Amino acid sequence: MSEFTQPNLRVLLSAEQIRVRIQELGRQITEEYAGKSLLLVGVLKGAIPFTADLLRAIDLPVQLDFIAVSSYGASTKSSGEVRILKDLDASLKGLHVLVVEDIVDTGLTLTYLLDNFRRREAESVRVAALLDKPERRIKEVAVDYVGFPIPNEFVVGYGLDYAERYRNLPYVAVLNPE
Ligand code: IMP
């Protein structure tokens, strides 16, 4: 059976909708950072497809780095405890940093990353997230560039997984329990 057309998947955002929106975000970022260079920091693994597409939509001198953080268990969720599994390759000092996230849900991961990056003396730190679930927020956090606000449903595809599956879907879908 095709992985891309499972009956338990309901398409929320098509590949074409995602493509068009990322081109818009790329143009906006290009205008707002005119005359500057930018470091994109992709948050592994979910932000891989978004980072790869956004990177190519930004017409500026751009560097690329990645960070991997642990996803906390249910028990530690409210504490916002996050651990770095793979750190950045290089210093952020004096750089304009754009953190690239797949989705902002409770906001705990992003709050941790922003605090951490600001302590590394970046010139500026902003955030681009493909998806935003504002209803679920525990920590208020400013997301500068949002692809799509979405309702409070569990989504997969375009980098987002359920137990490491479905990251390869070219679209974003709501996963319904079988
Ligand atoms: P937060 O710290 O709660 O904002 O969660 C951020 C991370 O949780 C994201 O980077 C995703 O990896 C994961 N996550 C949150 N919501 C979803 C979802 O609907 N589908 C898949 N992963 C999600």
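Ile22, Leu25, Gly26 and Ile29 in helix α1 meet Phe50, Asp53 and Leu54 in helix α2, where contact means heavy atoms within 4.5 Å. By class, this contact has 5 nonpolar, 1 polar and 1 charged residues (Ala, Val, Leu, Ile, Met, Phe, Trp, Tyr, Cys and Pro count as nonpolar, Asp, Glu, Lys and Arg as charged, and the others, Gly among them, as polar). The model is predicted: local features need pLDDT of at least 70 and side-chain atom pairs pLDDT 80 or more, while totals for chains, interfaces and linings use all residues. Residues are numbered from 1 along each chain as its sequence is written, and side-chain values use heavy atoms, without hydrogens and water.

The axes of α1 (residues 15-32) and α2 (residues 48-55) come within 9 Å and cross at roughly 55 degrees. That makes α1 oblique to α2. Helices (H or I, at least four residues) and strands (E, at least two) are DSSP runs, numbered from the N terminus.

Glu121, in the loop between α3 (108-119) and β6 (124-132), has a positive phi of about 65 degrees although it is not a glycine. Glu164, in the loop between β8 (155-156) and β9 (172-175), has a positive phi of about 70 degrees and is not a glycine either.

Conventions: Axes are lines fitted to C-alpha atoms, for helices over the stretch in contact, and angles run from 0 to 180 degrees between N-to-C directions. Angles under 35 degrees count as roughly parallel, over 145 as roughly antiparallel, 65 to 115 as roughly perpendicular and the rest as oblique.
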